[in-house]
Amino acid sequence: MALRIGESGSVTLKAVMIGAIVLLLLVPLAMLRGLVSERSALREQAYTRVAEGWGGNIVLGGPMLIVPVQQTIVENVNGKEVTRLVRNDVYLLPARLDMSVDLKLQEEPRYVGIYAVPVYLADVRLAGEFDFQGLRERAANAGPDIKYLWQRSRLLLPLSAVRSLREVTQATFAGRALELGPGAPAVYRGIETAVDLAAAFEGASGAFEFHTVVAGSRDVSMLPLGSTTTLQLHSNWPHPSFHGAFLPAEHTISAEGFDARWQVLELNRSYRQVWSEFEVNEAALMESSFGVGLYQAVDIYQRGERAVKYALLFIALTFLTFFAWEQVTRNPLHPLQYLLIGFALSIFYLLLIALSEHISFAVAYVTAAAALVLLIGVYIAGALRSSLRGSIAGVAMSGVYALLYALVLSEDYALLLGAIVLFVALAAVMLVTRRIDWYRLGTSSVNPNPA
C-alpha cells in the first residue's frame, strides 16, 4: 500500500507541477495581449494621421436655408426707454432631398509606417426643393417688431470636415449658380453662400442641385434633412457595415461591391422642418445621421487577439495530451521540457502577429504554424529518442493548429466552434485514459516481473 500511495503521489506531484507551468505561461500570454493592444493603438494613430491630411469619417447633409431675423425690443433703463435690436437665425430644411453617392475605394492605400489605411473618394449628388409655405406662414404670424431680412439669407451645405472637400462641380439654387465658401462654424460646420430669398419667393420653385466630391477614410454618413429623404449609395467596397440611426430599406452585396437605398421621413427625426437658432444643435443633427463604414474583413489584430484568447486552453490541452501519452507509453517528459514546449507554443502567437503585419494573414499563420510544428516534432523526437513519436507529435500539432485557424477565421461562429473543438479534444483525452489505473502507475518500472 505504501508503494501505491508513493507512486500516486509522484504522479499527482507531476500533474501539479504541469498545472503550475500552465499558470506561469499566463505571464507571456498577458504580455502578448498587451502587445496586440499596443499595435492596434498604433494603427488607430495611423488612421488619425491619414484623416488629418486626406479625410476621415465624413458627415454630409442636404442644404439648409438660414434667414436672419431682427427683433426690436424696447427696454426701460433708469426710467428711460431704450431700443435694442436682437438678431437670430431661422432655419428651413428641404421638402424633398434626393441624394446619390458613388463611393470609390482608391487602389493605393495611404501608408503611415507599416500601416496601410484604405481611403476613398465619394461622388455626391444632391437634388431637391424647398417649400417656402412654412416659412411664409411663420413670417406672417410674426409680430410687428420682428423683421425677416430676406436679402441677407444664406444657404448652408453641412459638412463635418471642409478640408475633405475636393471639388464642387455644380451648385444651383432657384435657377441661379452659387459661389460657395467656408461657413461660420458657430453652430453648424459646412460651406455656405449668400442668397436673396426675396427674389426666390418671386419664382415658382426653390429647387436646388449640388454635385461635389469629398475624400475620406473608414466611413461616410448622411443627414436626413429633407421632409422626405432618399439616398442611393453604390461602392466598390465588398464589406459594408451599415450604421447610424437608420438602416437601408434594401441592399445588395457582392464581391465587386454593394448597393444600398435608404428612405427617411420627417416623422422619423427628432427635429422639425423650421426652427429658430439654438433650438436644434449640431449634436441633435448628428444623432439622425446614417451611412456605411468600410469594414475591415481581414483585421490582423482582431484575429491575433482571438487566437491569444484561445492560447491558454490550447496549451493546457496540449500538456494534458502529452501527460496522458507519457503515462500510456511509459516515456516520461521532464517538467522543464513541458516548460520549454509551453514557451514555444507562446512564441507562435508573437511570430504570427509580427509576420501578419508584413504579409497576408493566411501566409503568416501557415509560416508560424509550420515553424512551430517542425520545432515541436524535432524536440519530441530527440526527447523521446524516437523519430516516429516526433512525427506523430508533429502531425497532432498540425491538426490542432488547423482547428485554431478555423476558430480565428470564423466571425460569427467562433464561440460555438471553440466550445465544440475543446469539448471533443477533452473527451478524446478522457476516453483514451479512462482505463488507466493511476494508483498502479510506475509499478512495472519498479518491479517489472512481480511473479
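## Strand pairing, salt bridges and surface of a predicted model

Leu156 has Glu192 as its bridge partner in strand S13. Helices (H or I, at least four residues) and strands (E, at least two) are DSSP runs, numbered from the N terminus. Residues are numbered from 1 along each chain as its sequence is written. This is a predicted model: local features need pLDDT of at least 70, side-chain atom pairs count only at pLDDT 80 or more, and totals for chains, interfaces and linings use all residues, while side-chain values use heavy atoms, with hydrogens and water left out.

### S9 and S13

Strand S9 covers residues 153-158. Strand S13 covers residues 190-195. The two run antiparallel and are joined by six bridges. Two strands count as paired if DSSP finds at least two bridges between them. Five of the six residues of S9 are buried. Buried means under 20% relative accessible area, exposed over 50%, and partly exposed in between (1.4 Å probe, protein chains only).

The side chains of Glu192 and Arg154 meet at 3.3 Å, N to O. Glu192 lies in strand S13 and Arg154 in strand S9, 38 residues apart, so the pair links distant parts of the chain. Glu192 is buried, at 16% relative accessible area. Arg154 is partly exposed, at 24%.

### Salt bridges

The cut-off is a side-chain nitrogen of Lys or Arg within 4 Å of a carboxyl oxygen of Asp or Glu. A search of the whole structure finds ten salt bridges. The table lists some of them.

| Asp123 | Arg125 | 3.8 Å |

Asp123 is partly exposed, at 24% relative accessibility. Arg125 is partly exposed as well, at 41%. Glu279 has a relative accessible area of 45% and is also partly exposed.

### The eight-stranded sheet

Eight strands form an open sheet with mixed pairing. Their order is S11-S10-S14-S7-S4-S16-S19-S18. Strand S11 (176-177) and strand S18 (250-254) are the edge strands, and each pairs on one side only. Strands of a sheet pair through backbone hydrogen bonds, either parallel or antiparallel. Strand S10 (residues 165-173) pairs with S11 in the antiparallel sense, over two bridges. Thr172 stands opposite Ala177 in S11.

### Arg389 and helix H10

Arg389 is found in helix H10, residues 387-409. Is Arg389 buried or partly exposed? Arg389 is partly exposed, with a relative accessible area of 26%. Leaving aside neighbours within four places in sequence, Arg389 is in contact with Trp325, Asn331, Ile380 and Leu384. Contact means heavy atoms within 4.5 Å. Gly377 is twelve residues from Arg389 along the chain, and their C-alpha atoms are separated by 8.2 Å.

### A nonpolar patch

Tyr413, Leu416, Leu417, Ile420, Phe423 and Val424 make a nonpolar surface patch of about 620 Å². Patches are made of residues with over 30% relative accessible area and no salt bridge; like charges are joined within 9 Å, and nonpolar side chains (Val, Leu, Ile, Met, Phe, Trp, Tyr) within 5 Å. Val424 is found in helix H11, residues 414-432. Val424 is partly exposed, at 49% relative accessible area.

### Whole protein and confidence

The protein has twelve helices and 21 strands. Of its 451 residues, 44% count as buried. The protein exposes about 23,200 Å², and carbon and sulfur atoms supply 59% of that. Accessible areas come from the Shrake-Rupley method with a 1.4 Å probe; for residues, only the protein chains shown count as cover. Among contacts between residues at least 6 apart in sequence, 78% join residues at least 24 apart.

The mean pLDDT is 82, and 90% of the residues reach 70 or more. pLDDT is the predictor's confidence in each residue, from 0 to 100. Over residues 444-451 pLDDT stays under 50, with three contacts beyond four places in sequence. Where pLDDT is low, the predicted coordinates should not be read in detail.
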